[in-house]
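Hi,

Here is the structure I promised to pass on.

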Amino acid sequence: MPHRYPILEKIAFTLFTLSAVVDATYISYEKSPNFRDNIHEIIRIGEEMSRLYPAEVDPWMQIAIS
């Protein structure tokens, strides 16, 4: 069966995936009243980890940041 509308299929898949992510985020937000605090904690831990492993050590990290 040939694909007649590949761009339309990609757009539909993107919208479907985006709606699934939004739905999962909303459900998580409703289940956990401190969801925002949890996100801030994850960001804080990520910042601490980036300080433990600075970009000068890994040559590929400089490419990813720029």
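**The salt bridge**

There is one salt bridge in the structure. Please keep in mind that this is a predicted model. The partners are E41 and R44, and their closest N and O atoms sit 2.4 Å apart. As background, side chains of opposite charge can pair when their charged atoms come close. Both residues belong to helix α2, which covers residues 35–52. They are three residues apart there, about one turn of the helix.

**The overall fold**

The chain has three helices and zero strands, so if you follow the sequence you get the pattern α-α-α. Of the 66 residues in the chain, 2% are buried.

**A nonpolar patch**

Which residues make the nonpolar surface patch? They are I7, I11 and L15, and the patch is about 320 Å². L15 is part of helix α1, which runs over residues 6–31. This residue counts as exposed because its relative accessibility is 53%, and the cut-off for that label is over 50%.

The mean pLDDT of the chain is 76, and 71% of the residues score at least 70. Among the elements, helix α1 has the highest mean pLDDT, at 88. Helix α3, residues 59–65, has the lowest, with a mean of 58. Where pLDDT is low, the predicted coordinates should not be read in detail.

That's what I have for now.

Cheers

Conventions
Residues are numbered from 1 along each chain as its sequence is written. This is a predicted model: local features need pLDDT of at least 70, side-chain atom pairs count only at pLDDT 80 or more; totals for chains, interfaces and linings use all residues. Side-chain values use heavy atoms; hydrogens and water are left out. Helices (H or I, at least four residues) and strands (E, at least two) are DSSP runs, numbered from the N terminus. Buried means under 20% relative accessible area, exposed over 50%, partly exposed in between (1.4 Å probe, protein chains only). Patches are made of residues with over 30% relative accessible area and no salt bridge: like charges are joined within 9 Å, nonpolar side chains (Val, Leu, Ile, Met, Phe, Trp, Tyr) within 5 Å. Accessible areas come from the Shrake-Rupley method with a 1.4 Å probe; for residues, only the protein chains shown count as cover. A salt bridge is a side-chain nitrogen of Lys or Arg within 4 Å of a carboxyl oxygen of Asp or Glu. pLDDT is the predictor's confidence in each residue, from 0 to 100.
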